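Subject: Structure for your attention

Dear colleague,

I am passing on the structure shown below, and I would be grateful if you could look through it alongside my notes. The notes follow the picture.

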Amino acid sequence: MLYLVRMDVNIPHDLPAEQAQEIKAREKAYSQDLQRDGRWQHIWRVAGEYANYSVFDVESNDELHGLLQALPLFPYMKISVTPLAQHPSAIAQN
Ligand SMILES: O=C(O)CC1=CCC(=O)O1
């Protein structure tokens, strides 16, 4: 199942810079592991915003929820999820 996910990141200004850097490093490693195993298919920066659009390919809502909840930046994110279905005019199937 495919999901379009938007993540808006809002790190509090009073979080120590070193701690923020450590969380971002863990976020990157976590994200890249999921990209390598194919479940995090795309990640795009929203131009001009501290936000991304991502596409996940997972088995269920519960699996997606588990992956998102485990994001190191999860406590500092607003996340919106859009389930994707096939478009009848698409020439490529996912
Ligand atoms: O910077 C972001 O958009 C948040 C994020 C998600 C995965 C990652 O590496 O950074």
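Predicted model: local features only at pLDDT ≥ 70, side-chain atom pairs only at ≥ 80, totals over all residues.

Residues are numbered from 1 along each chain as its sequence is written.

The strands β2 and β3 are joined by five bridges and run antiparallel; two strands are taken to pair if DSSP finds at least two bridges between them. Together β2 and β3 form a hairpin with five residues between them, and Gly48, in the turn, has a positive phi of about 80°.

As for the chain as a whole, it has two helices and four strands, and from the N terminus on its elements follow the order β-α-β-β-α-β. The C-alpha atoms fill a box of roughly 50 × 25 × 20 Å along the principal axes. Buried residues make up 4% of the 94 residues, where a residue is buried if 20 or more other C-beta atoms (placed from the backbone) lie within 10 Å of its own, exposed if 12 or fewer do, and partly exposed in between. Among contacts between residues at least 6 apart in sequence, 62% join residues at least 24 apart, a contact being a pair whose C-beta atoms, placed from the backbone, lie within 7 Å.

The four strands form an open sheet in the order β2-β3-β1-β4, with antiparallel pairing. At its edges stand β2 (40-45) and β4 (77-84), each with a single partner strand, so one side of each is left without a neighbour in the sheet. Neighbouring strands of this sheet are turned by 20° against each other on average, direction ignored, the axes being lines fitted to C-alpha atoms (for helices over the stretch in contact) and angles between N-to-C directions running from 0 to 180 degrees.

Strand β1 is joined to β3 (residues 51-57) by seven bridges and to β4 by eight bridges, again antiparallel. Asp8 has a bridge partner in both of these strands, namely Ala51 in β3 and Lys78 in β4.

Val5, which is found in strand β1, is partly exposed because 19 other C-beta atoms lie within 10 Å. Leaving aside residues up to four places away in sequence, Val5 touches Ser54, Phe56, Ile79 and Val81, and its C-alpha atom is separated by 10.0 Å from that of His42, 37 residues apart along the chain. Gln35 is found in helix α1 and counts as partly exposed because it has 14 C-beta neighbours inside 10 Å; the C-alpha atoms of Gln35 and Ser80, 45 residues apart along the chain, are separated by 19 Å.

Which residues are around the ligand? They are Met7, Val9, Glu27, Lys28, Ser31, Asn52 and Leu73, a residue being counted as near a molecule or strand if its C-beta atom, placed from the backbone, lies within 6 Å of it. The elements that give two or more residues to this shell are β1 (2-9) and α1 (17-36), and the largest share, three residues, comes from α1. The shell divides into three nonpolar, two polar and two charged residues, with Ala, Val, Leu, Ile, Met, Phe, Trp, Tyr, Cys and Pro counted as nonpolar, Asp, Glu, Lys and Arg as charged, and the others, Gly among them, as polar.

Finally, an unreviewed UniProt entry places the feature "domain: Muconolactone isomerase" at residues 1-89; UniProt positions are given in the numbering used here, feature names are shortened, and annotations may be inferred rather than shown by experiment. Over residues 1-89 the chain is 33% helix and 33% strand, with the end C-alpha atoms 19 Å apart.

With best wishes

Notes. Contact = placed C-beta atoms within 7 Å.
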